[in-house]
Amino acid sequence: MGVDAEDLNGDGLPELIVTNFRGDGSTLYRNLGGGSFADSTATAGILKDSKPYVGWGCALADLDGDGRLDLLAVNGHVDDNLRELGQDAPQAEPAVVWRKEGGDRFVRVADAGPFFRSDHVARGAAFGDLDNDGDIDVVVGIMDGRPAVLLNESPPHPWVRFELVGRRSNRSAIGAVLSVTCGGRVIHRQAKGGGSYLSANDPRVLVGLGDADRVDRVDVRWPSGGPVRS
């Protein structure tokens, strides 16, 4: 029901995350290049904590500003009469945040805030810096309820934000790829349109720099195929 694509390992190739129905778990596909992908869900550590739920909106997003992409998914079953059908399961389910650790491993965040301590019948999730403080906030659509606005209060890290405007490319620069060199590594991010499920994200591209105190180089690959600008 939800999908996102971003480069997790710094090789410039976007991985795919897909949320699924209860019992399947969310699936993470590692990009092997040449149009080939490998299912790395189990080794990434997200299968156990996604399998019990019906997943919807999601994103691979750097939620703590360390330059590594984390994962957030909101959940909620489609049926409100599960107990009448003999299933001991509620319709409301918890949202889950995984923090990206070293290598390809994700670890579930034990306490990501009050919203994550209770269950919801969530559907859409829109990501963006609502208060312009350099971290990514989330607005969650709740079925038959008011949306939840989740302000990110992670410890601050250096960051840089880009608002791309196409000339030869489409004006919103959708499809552009940013490569930011800082602290001895290259961070790749995409300018994307829409969101994972019935949602539209902040079109600006926010890049957390982790421990780096400066940006050494920025390259933009435009969707028109024009020259890279740095």
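Three nonpolar, two polar and four charged residues make up the lining of the largest cavity, where Ala, Val, Leu, Ile, Met, Phe, Trp, Tyr, Cys and Pro count as nonpolar, Asp, Glu, Lys and Arg as charged, and the others, Gly among them, as polar. The model is predicted, with local features needing pLDDT of at least 70 and side-chain atom pairs counted only at pLDDT 80 or more, while totals for chains, interfaces and linings use all residues. Residues are numbered from 1 along each chain as its sequence is written, and side-chain values rest on heavy atoms, with hydrogens and water left out.

The lining in question consists of Leu-8, Asn-9, Glu-15, Leu-28, Arg-30, Ser-40, Lys-100, Asp-104 and Phe-106, and the space in this largest cavity comes to about 70 Å³. On a 1 Å grid over the protein atoms alone, a cavity is a set of points where a 1.4 Å probe fits but cannot get out, whereas a pocket is an open set with protein on both sides within 12 Å along at least five of seven lines, and lining residues have an atom within 4 Å of a point. Grid points are joined across faces, edges and corners, and a volume is the space filled by probe spheres set on the points.

One of the residues lining the largest cavity is Glu-15, which is placed in strand E2 (residues 15-19); strands (E, at least two residues) and helices (H or I, at least four) are DSSP runs numbered from the N terminus. Glu-15 counts as buried because its relative accessibility is 2%, the classes being buried under 20% relative accessible area, exposed over 50% and partly exposed in between, with a 1.4 Å probe and protein chains only. Beyond its neighbours within four places in sequence, Glu-15 is in contact (heavy atoms within 4.5 Å) with Asp-4, Ala-5, Glu-6, Asp-7, Leu-8, Asn-9, Tyr-29, Arg-30, Asn-31 and Leu-60. For Asn-31, which is 16 residues from Glu-15 along the chain, the two C-alpha atoms are separated by 5.2 Å.

Val-140, leaving aside its neighbours within four places in sequence, is in contact with Val-74, Phe-115, Ala-122, Gly-124, Ala-125, Pro-147, Ala-148 and Leu-150.

Most residues other than glycine have a negative phi. Ala-173 sits in the loop between strand E12 (159-162) and strand E13 (177-182), and counts as buried because its relative accessibility is 0%. Asp-144, in the loop between E10 and E11, likewise has a positive phi near 60°, but Asp-144 counts as exposed, at 81% relative accessibility.

The structure holds two aromatic pairs, in which rings of Phe, Tyr and Trp (its six-membered ring) have centres within 6.5 Å, with planes under 30 degrees apart counted as stacked, over 60 as edge-to-face and the rest as tilted. Trp-56 and Tyr-197 form an edge-to-face pair, 5.0 Å centre to centre with 65° between the planes. This pair links distant parts of the chain, 141 residues apart, with Trp-56 in strand E5 and Tyr-197 in the loop between strand E14 (185-190) and strand E15 (205-208). Trp-56 is buried at 8% relative accessible area, whereas Tyr-197 is partly exposed at 23%. The other pair, Phe-115 and Phe-116, is edge-to-face at 5.5 Å and 85°.

Phe-116 is also among the residues nearest the centre of the second largest pocket, together with Val-97, Ala-112, Asn-152 and Ser-154, in a lining of 21 residues. That pocket has a volume of about 410 Å³, and its lining comprises 14 nonpolar, three polar and four charged residues. The largest pocket, of about 490 Å³, is lined by 29 residues, of which Glu-6, Gln-190, Lys-192, Asn-201 and Asp-202 lie nearest its centre.
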